[in-house]
Amino acid sequence: MRLLQRSTAVVGMLLAAFALNVATASDGAAAANCPPPPTVPDQARLAELARQAVDRGYLWKIEKAGRTSYLFGTIHVNSLDWMIPGPAVMSALSQADVLALEIDPLDPAVARRLAEPEPAVAPRVLKPALRARLDARLTAACVLPATLAKLPALMQIAASVMMDARSIGLEAAFGSEILLSGIAQGLKKPVVSLESVALQLAALSDNDDTEAMLTASLQQAETGAARRMLARLHKAWGDGNVADMESLDKWCECMDTEADRRLLARLNDDRNPALAAGIDRLHGEGKRVFAAVGTLHMFGPKALPRLLASMGYKVERVVAAPPQRAR
């Protein structure tokens, strides 16, 4: 508890800054039913959330060369009442020497690079009908299309899906990475990015397959499949439900077509070897690492726990006490 209390001031400040960015991105969007921007909790509310926090998500202990590190599956959009890590996660983070994220969302250099991507990843010109569909989805998700114009088309639709999650009470401002980065800063622990902005953009960069993948993603967003997936993923994460994650292909509506499967492979499986190598490098330097990476990277035949086990790590799931009755 004291660890969380030491961090709440930093977390509150950083949440406020991130929420302002979210509000700015959605300001002036054409949809009349846009939800209000997230309300940042004050210090009293943060302290209350810390007292009530239970363990959610997926946590593994990984051991090699006499050192223990941790691997945590995160959620990128979250609810206010689930955003503070529980005791087991906080204990693991407190024991670590460094927090390793896919990319640190609170790093000012990251924000600048995302706002002004390199010319090499500038978006291709879409066919007018497809561009109109994408702009319509952005507007429906309360995002001004012009604010994302420099990003690849697949990153634009991904951003629209994350912003649309606000309609079911989930906010990017309350995502795991925001909170963990803020807590680590409060605990005076270094935060490192396992990937660069360029690598993240490359995973969604335009190529000859873009229009097929974008069409599939638009279909999921337009039919509500993307929203349904986020809602169930959020609940599975909150419950620590392994069975749901291992049967993702049966319910996510995100692997129904070949284009769906290619996109998911680009976003997850194809990135996992480099993420595992980054974790192994930090651990090999003598650091105890708390590596927090999106939950989808933790399951499947090329999952991070499996890759790390193949690299000589002893991998053990940390099963905390079941959470209290959800909300």
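Two residues are in contact here when heavy atoms of each lie within 4.5 Å. The model you are looking at is a predicted one. Its protein chain has 327 residues, of which 49% are buried, and its secondary structure comes to 15 helices and six strands. Here is a tour, from the sheet to the cores, the aromatic pairs and a few single residues.

**The sheet**

- The six strands form an open sheet with mixed pairing, and their order across it is β4-β3-β5-β2-β1-β6.
- Strands β4 (191-193) and β6 (314-318) each have a single partner strand, so they stand at the edges and one side of each is left without a neighbour in the sheet.
- On average, neighbouring strands of the sheet are turned by 25 degrees against each other, if direction is ignored.
- Strands of a sheet pair through backbone hydrogen bonds, in either a parallel or an antiparallel way.
- Here, β1 (residues 58-64) and β6 run antiparallel and are joined by five bridges.

**The nonpolar cores**

- In soluble globular proteins, nonpolar side chains tend to be buried together.
- The largest nonpolar core in this model has 47 residues, and the members that touch the most others are Leu71, Phe72, Leu99 and Phe290.
- Strand β5 (residues 289-294) gives the most to this core, contributing five residues.
- Another core, of 23 residues, lies apart from the largest one; its members include Val110, Val143, Leu151 and Leu218.
- Which residues does Leu99 touch, not counting those up to four places away in sequence? They are Leu93, Leu180, Ser181, Ala184, Pro190, Val191, Val192, Phe290 and Ala292.

**Aromatic pairs**

- The structure holds three aromatic pairs.
- One of them is Tyr58 with Phe299, an edge-to-face pair at 5.1 Å centre to centre, with 80 degrees between the planes.
- This pair links distant parts of the chain: Tyr58 is in strand β1, while Phe299 is in the loop between β5 and α15 (304-310), 241 residues apart.
- Are these two rings on buried or exposed residues? Tyr58 is buried, because its relative accessible area is 0%, and Phe299 also counts as buried, at 11% relative accessibility.
- Another pair, Phe72 and Phe290, is tilted, with 6.0 Å centre to centre and 40 degrees between the planes.
- Phe72 sits in strand β2 (residues 67-74) and Phe290 in strand β5, so this pair too links distant parts of the chain, 218 residues apart.- Phe72 counts as buried at 4% relative accessibility, and Phe290 does so at 0%.
- Tyr58 and Phe299 also belong, with Trp60, to one aromatic cluster.

- Asp104 is found in the loop between β3 (98-101) and α4 (108-115).
- With a relative accessible area of 7%, Asp104 falls under the 20% cut-off and is therefore buried.
- A polar atom of the Asp104 side chain lies 3.0 Å from the backbone nitrogen of Leu106.
- Leaving aside its neighbours within four places in sequence, Asp104 is in contact with Val110, Ser181, Val191 and Ser193.

**Pro305**

- Pro305 is found in helix α15, and its relative accessible area of 9% makes it a buried residue.
- Which residues does Pro305 touch, not counting those up to four places away in sequence? They are Trp60, Leu71, His297, Met298 and Val315.
- The C-alpha atoms of Pro305 and Asn272 are separated by 9.9 Å, and the two residues are 33 residues apart along the chain.

**Arg166**

- Arg166 lies in the loop between α6 (153-164) and α7 (176-186).
- The relative accessible area of Arg166 is 6%, and the residue is buried.
- The side chains of Arg166 and Glu171 are joined by a polar contact of 3.3 Å.

How values were computed:
Residues numbered from 1 in each chain as written. Predicted model: local features only at pLDDT ≥ 70, side-chain atom pairs only at ≥ 80, totals over all residues. Heavy atoms only, no water. Core = buried A, V, L, I, M, F, W, Y, C linked by side-chain atoms within 4.5 Å. Buried < 20%, exposed > 50% of the residue type's maximum accessible area, 1.4 Å probe, protein only. Helix = DSSP H or I, 4+ residues; strand = E, 2+ residues; numbered from the N terminus. Pairing = 2+ DSSP bridges. Axes fitted to C-alpha atoms, helices over the stretch in contact; angles between N-to-C directions. Polar contact = N/O pair within 3.5 Å; in protein donor to acceptor, adjacent residues only side chain to side chain. Phe/Tyr/Trp six-rings, centres within 6.5 Å; stacked < 30°, edge-to-face > 60°.
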